[in-house]
Amino acid sequence: RIEAGKVMLEEEEIDIHALLDQVDSMFAATAQHKGLTFQIDRALDLPAHIRMDAKKLRQILINLVGNAVKFTEEGGVLVRVSWAQDDDEQPLLMIGVEDTGPGIEPGEMDRLFDAFRQTSSGYRKQEGTGLGLPISQTFAQVMGGHIDVKSEVGTGTTFRATLPIKIMSAGVDAEVEPTRRVTGIAPGQPVYRLLIVDDNANSRLLMKKLLEPLDFTVKTAVDGVEGVQIAGAWAPHLIFMDMRMPNM
C-alpha cells in the first residue's frame with residue numbers, strides 16, 4: 001500500500017497515556033531481562049485525549065522503541081513524550097527515543113530510512129528486514145510530521161518523531177473506548193499446551209510472560225530440532241514458531 005500510494009489517514013480519538021502504557025508493557029520485560037533500564041517519561045502537561053491515526057502512531061512507537069531495546073546491550077532506553085505548538089499554533093506530539101547502544105556510523109545515516117537497508121549493527125544482529133524505519137518515516141510523513149535522528153558511535157542514538165495532533169477535551173469531544181486487557185480464558189475449558197520455538201531468548205521470554213498469566217501451560221524450545229522433540233512428546237495444542245532459526 002505504501003508503494004502504491006494507498007496509505008490513508010484513519011484518525012480517531014485516543015487516550016495517549018493508555019497507548020504508552022501498552023508500549024511499556026510490551027518492552028519493559030525484555031529490557032529488564034537484558035539488564036537495561038527502561039522508562040517512558042511523560043510531560044506533566046501531556047494531554048490525555050488526542051485525535052490522530054492511532055494505528056500508525058502505535059507502529060511508529062513499536063518500531064522505534066523495539067529497535068532501541070534490540071540494539072542496546074548496556075545502559076538503557078528512555079522514551080520522552082511531550083507536546084508543543086508550531087508557529088501556526090498547531091499542536092505537535094513530540095516523541096524522543098534515546099538509547100545507549102552502539103550508535104550509527106556517519107556513512108550509514110543517509111540511507112537509514114531506505115527500504116531493506118540495514119546498518120552494520122543490524123547485519124551483526126541478523127534480525128529484521130530493514131523495513132521498520134522506512135515504514136515509520138512514511139507513516140510520520142502521511143500524518144504531516146517527520147522523524148529525525150542523531151547518533152554518536154559508541155554513545156547511542158536518539159530518534160525524534162514530530163507529529164501533528166488535535167487535542168480533545170476529555171468528556172466533551174473525546175469518545176475514547178476504555179482500555180481492555182485479557183485476563184484469562186473462559187472457565188470450563190481444558191488446559192491448553194502452548195509451545196514457543198524461537199532462538200531469540202528475549203522473544204521466548206516475552207511470549208512466555210504474555211501467555212502464562214492467562215492460565216496456559218507454556219514450554220519453550222531454542223530451535224526446530226528441540227521444537228520437534230518437545231512437540232512429539234508433549235503434543236501442544238498450538239505452536240508459536242519463528243520463521244528463521246538455526247539448525248533446522
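**Close-up views of a predicted model**

**View 1. Helices H2 and H4 cross in the left-handed sense.** Left-handed means that the near helix is turned anticlockwise from the far one by less than a right angle, while clockwise would be right-handed. This is a predicted model: local features need pLDDT of at least 70, side-chain atom pairs count only at pLDDT 80 or more, and totals for chains, interfaces and linings use all residues. Residues are numbered from 1 along each chain as its sequence is written, and side-chain values use heavy atoms, without hydrogens or water. H2 spans residues 54–71 and H4 residues 132–142. Their angle is about 145°, and their axes lie 9 Å apart. Axes are lines fitted to C-alpha atoms, for helices over the stretch in contact; angles run from 0 to 180 degrees between N-to-C directions. Helices (H or I, at least four residues) and strands (E, at least two) are DSSP runs, numbered from the N terminus.

**View 2. Residues of H2 meet residues of H4.** On H2, they include Ile60 and Leu64. On H4, Leu133 and Phe139 are among them. Contact means heavy atoms within 4.5 Å.

**View 3. H4 has buried residues.** Leu133, Pro134, Ser136, Gln137, Phe139 and Ala140 are buried (under 20% relative accessible area, 1.4 Å probe, protein chains only). Their cover includes H2, strand E6 and strand E7. Glycine 144 follows H4, with a positive phi near 90°.

**View 4. Strand E3 pairs with E1 and with E8.** Pairing requires at least two DSSP bridges. E1 and E3 are antiparallel, with four bridges. Isoleucine 14 has isoleucine 50 as its bridge partner. E3 and E8 are also antiparallel, over two bridges. Here arginine 51 partners lysine 166.

Definitions and conventions:
Buried means under 20% relative accessible area, exposed over 50%, partly exposed in between (1.4 Å probe, protein chains only).
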